[in-house]
Amino acid sequence: MMTALLILHGFVAVALMGAITHQALAVCASSDARAPSFFRRFRAVPAAAFANAVIALYLLSALLGAIAYLSFKTDIQPFLERNRHWHALGFFDLKEDFIAIGLGILPAYWLCWRQSLPDHGGQARVALTVILAFIVWWSFLAGHVINNIRGFES
Amino acid sequence: MMSAPALRRFTFAYATAFAVIFVVVRAYGLALFTVYPAQGVVLMGTHRSRDVVAPAMGFLAPEMFFYGWVAYAAIGALVVAMVAALLPDRWFPLWRWCVWAVPATAMIACVYLTLPWFRL
């Protein structure tokens, strides 16, 4: 059951990472969709269209992670402590702190991307998107490292 | 239904207050409730295993404060944001910066609070 939940959490996280990365790159350096290179076309997405999807995926991923966290605390963390994986635990601790702060900025992020309120701070929109992108990437990598240390069903 | 400026003050104050409150409760270990996943028990307030059982037996009842920290920050930020929504716009000259600079600073503070893991 927990393995299935973790795989689902991973799927949602990958979708979220793709959406927020598209959006962050588009908002930092927008490009022409007809551009010749892949990297330029990657940045040429309609960034505002990703906002609601990013919020929904972030909330879903946080919820699935919060459920899986119960099992982590009882089954995985003691193993990591016994084997002195202190740095991995530190990175995971940061992951949970960053995700919490990300939850707090979601309403402001949503407002900044609303089409009907375009004047409310382009700077804030860019900064919040970049912060969320950093949180998502950090969380994905930290979770991935923890998962690799312990492994499924081991 | 809130007006656009009030909604902006609400969301921006929420982001700022959430980050500040989360770091404070994280630093001082103030959880609204404590979860004991192994026992399936939730207790209101902050309860450390080592305070109720022998320290060497604490691993049998690992406690979780994270949910309690988030709950504290969410409720506290909601109160601050509701007050901010009622105040005039001129009281918030720095909101464009605070909304992202405060959470970013809070993340750096969390790195500082996590440093003990990296000294082991």
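Modeller: From the N terminus on, chain A of this predicted model runs α-α-α-α-α, and its secondary structure comes to 5 helices and 0 strands.

Colleague: How do you know which helix of chain A the predictor is most confident about, and which has the lowest confidence?

Modeller: We look at the mean pLDDT, a score that runs from 0 to 100: among the elements of chain A, α4(A) has the highest mean, 94, whereas helix α2 (residues 38–42) of chain A has the lowest, 72. Chain A averages a pLDDT of 86, and 88% of its residues score at least 70.

Colleague: Why is Ala51(A) called buried?

Modeller: The word needs 20 or more other C-beta atoms within 10 Å, and Ala51(A) has 22 of them, so Ala51(A) is counted as buried. Ala51(A) lies in helix α3 of chain A and, not counting residues up to four places away in sequence, touches Trp110(A) and Trp113(A). Across chain A, buried residues make up 40% of the 154 residues.

Colleague: And what makes Ala71(B) partly exposed?

Modeller: Ala71(B) has 14 C-beta neighbours inside 10 Å; a residue is exposed at 12 or fewer and buried at 20 or more, and because 14 falls in between, Ala71(B) is called partly exposed. Ala71(B) has its place in helix α3 of chain B, and, leaving aside neighbours within four places in sequence, is in contact with Leu32(B) and Phe33(B). From Ala84(B), Ala71(B) is 13 residues away in sequence and 20 Å away in space, C-alpha to C-alpha.

Colleague: How do you know how helix α1 of chain B and helix α3 of chain B are placed against each other?

Modeller: Two packed helices are described by the angle between their axes and the distance between the axes. For α1 (residues 4–28) and α3 (residues 66–86) of chain B, the angle is about 145° and the axes are 7 Å apart, while the crossing is right-handed. Among the residues that meet there are Phe10(B), Tyr14(B) and Phe22(B) from α1(B), and Trp69(B), Tyr72(B) and Ala73(B) from α3(B). By class, the residues of this contact divide into 19 nonpolar, 1 polar and 2 charged.

Colleague: How do you know that chain B touches chain A, and which elements of chain B take part?

Modeller: Two residues are in contact if their C-beta atoms lie within 7 Å, and 34 residues of chain B are in contact with 30 residues of chain A. The elements of chain B that give two or more residues to this side are α1, α3 and α4 (95–118), and α4(B) gives the most, with 12 residues. This side of chain B has 29 nonpolar, 2 polar and 3 charged residues.

Colleague: Which residues touch the most other members of the largest nonpolar core?

Modeller: Of its 72 residues, they are Ala108(A), Leu128(A), Phe22(B) and Ala73(B). Both chains supply this core, with at least two residues each from α1, α3, α4 and α5 of chain A and from α1, α3 and α4 of chain B, and α4(A) gives the most, with 15 residues. Leaving aside neighbours within four places in sequence, Ala108(A) is in contact with Leu128(A), and also with residues of chain B, including Phe12(B), Tyr14(B) and Val99(B).

Note on methods. Residues are numbered from 1 along each chain as its sequence is written. Chains are lettered from A and ligands numbered from 1 in the order in which they are written. This is a predicted model: local features need pLDDT of at least 70, side-chain atom pairs count only at pLDDT 80 or more; totals for chains, interfaces and linings use all residues. Axes are lines fitted to C-alpha atoms, for helices over the stretch in contact, and angles run from 0 to 180 degrees between N-to-C directions. Helices (H or I, at least four residues) and strands (E, at least two) are DSSP runs, numbered from the N terminus. A crossing is left-handed if the near helix is turned anticlockwise from the far one by less than a right angle, and right-handed if clockwise. Ala, Val, Leu, Ile, Met, Phe, Trp, Tyr, Cys and Pro count as nonpolar, Asp, Glu, Lys and Arg as charged, and the others, Gly among them, as polar. A nonpolar core is a set of buried Ala, Val, Leu, Ile, Met, Phe, Trp, Tyr and Cys residues joined through C-beta atoms within 7 Å.
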